[in-house]
Amino acid sequence: MRSKTSFFNRQIFRTALSRFWPLWGAYALVLFVLVPLPLINNGSSGDGLFLRTSYQILSMGWQAGCVVSFIMAAATAMCVLGYLYNQRITGMMASLPVKLGSMYFSSFLAGFAAMAGIDVLIFLLTLAAEAGAGQVAISYLWQWLAIMVMMNLTFYGFASLCAMLTGNLVVLPLVYAVLEFTVAAVEYLVRNLLSIFVFGMTTNGSTLDFLSPVFKIMSESPGTVTTAEGTITSAYLTPEQWTLLGVYAAVGLV
């Protein structure tokens, strides 16, 4: 009977989860301060709560969540894939009766599982905060959870790729950050140069900003529904924004 090749090792997965618990705790603390804590401190009922859960929480997931996920993805890749950068640890890991592919995927999945698990934990804590305030707007919380998981997959996948391409723990975050902003920065410089020599050329707008996920996401914000008096009543993500996140997450997975 032919043996099957496994790309998952339970012990490596569990070791990575337990070893880097301070990083997971810091991530949970930051999300707790950003999302459920404002609801706890400013608890109310009725339209006020609905406004906060639809606008503030979606904004936190889209923009503040983007920054947190961008930083956390790099830190996670540096930790769970850090065995690639120490000769002694690399030799020790390579001597284990575990295939290199299994070692990599187990470590990768541990990092993503930790981030996704904390996202779910914050989702439940925010849900409890809403229930304590007297009104649950769970549809917006589901959207927040989907946003965070897709952003984590986007940035963590790219950070893991950078971890495999670089050979130094310090170089990894530098390459990761530079490549995230390279296209947007180059296009901005080219537009500024052309505006000097080409009549009518403007520096406003961008055509290739979608190739810099952080820049693209931060340049937008959730749509809002307003009354005739201009008061914001709720928020939403446009179909284009959901499509953008879905494409980014798929690329991150690849």
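Glu220 is partly exposed, with a relative accessible area of 23%. Its side chain meets that of Lys216 in a salt bridge, at 3.2 Å from N to O. The model is predicted. Its protein chain has 254 residues, and 40% of them are buried. Helices number 10 and strands two.

**Salt bridges**

- The structure holds two salt bridges.
- One joins Lys216 to Glu220, with 3.2 Å between N and O.
- The other joins Asp209 to Lys216, where the closest N and O atoms are 3.8 Å apart.
- Lys216 takes part in the bridge to Asp209 and in the bridge to Glu220.
- Asp209 and Lys216 are both buried.
- Lys216 has 17% relative accessibility, so Lys216 counts as buried, the cut-off being under 20%.
- Glu220, at 23%, is partly exposed.
- As a general point, side chains of opposite charge can pair when their charged atoms come close.

**Overall layout**

- Along the sequence, the elements follow the pattern α-α-α-α-α-α-α-α-α-β-β-α.

**Helices α1 and α2**

- Helix α1 covers residues 10–19, and helix α2 covers residues 21–34.
- Their axes lie 5 Å apart, and the helices pack at an angle of about 60°.
- That angle makes α1 and α2 oblique to each other.
- On the α1 side, the contact uses Ala16, Leu17, Ser18 and Arg19.
- On the α2 side, Trp21, Pro22 and Trp24 meet them.
- By class, the contact of α1 with α2 has five nonpolar residues, one polar and one charged.

**Helices α6 and α7**

- Two packed helices are described by the angle between their axes and the distance between the axes.
- The axes of α6 and α7 come within 10 Å and cross at roughly 160°.
- α6 and α7 are therefore roughly antiparallel to each other, since angles over 145 degrees count that way.
- α6 passes α7 in a right-handed crossing.
- The contact of α6 with α7 has 18 nonpolar, six polar and two charged residues.
- Val120 is found in α6, which runs through residues 100–133.
- Val120 is partly exposed, with a relative accessible area of 37%.
- Val120 and Val149 are 29 residues apart along the chain, and their C-alpha atoms are separated by 9.1 Å.

**Helices α7 and α8**

- Helix α7 spans residues 138–165, and helix α8 spans residues 171–197.
- The two pack at an angle of about 125°, with axes 9 Å apart.
- α7 and α8 are therefore oblique to each other.
- The crossing of α7 and α8 is right-handed.
- α7 supplies Phe155, Phe158, Ala159, Cys162 and Ala163 to the contact.
- α8 answers with Leu172, Val175, Tyr176, Leu179 and Glu180.
- Nine residues of the contact of α7 with α8 are nonpolar, none is polar and one is charged.

**Two buried positions**

- Ser212 sits in the loop between α8 and α9, the latter covering 213–218.
- With a relative accessible area of 0%, Ser212 is buried.
- Leaving out residues up to four places away in sequence, Ser212 touches Glu180, Phe181, Thr182, Val183 and Ala184.
- Ser212 and Ala184 are 28 residues apart along the chain, with 6.0 Å between their C-alpha atoms.
- Leu39 has its place in helix α3, residues 36–41.
- Leu39 is buried, with a relative accessible area of 4%.
- Leu39 and Leu127 are 88 residues apart along the chain, yet 9.9 Å separates their C-alpha atoms.

Conventions:
Residues numbered from 1 in each chain as written. Predicted model: local features only at pLDDT ≥ 70, side-chain atom pairs only at ≥ 80, totals over all residues. Heavy atoms only, no water. Salt bridge = Lys/Arg side-chain N within 4 Å of Asp/Glu carboxyl O. Buried < 20%, exposed > 50% of the residue type's maximum accessible area, 1.4 Å probe, protein only. Helix = DSSP H or I, 4+ residues; strand = E, 2+ residues; numbered from the N terminus. Axes fitted to C-alpha atoms, helices over the stretch in contact; angles between N-to-C directions. Parallel < 35°, antiparallel > 145°, perpendicular 65-115°, else oblique. Left-handed = near helix turned anticlockwise from the far one by under 90°. Contact = heavy atoms within 4.5 Å. Nonpolar A, V, L, I, M, F, W, Y, C, P; charged D, E, K, R; others polar.
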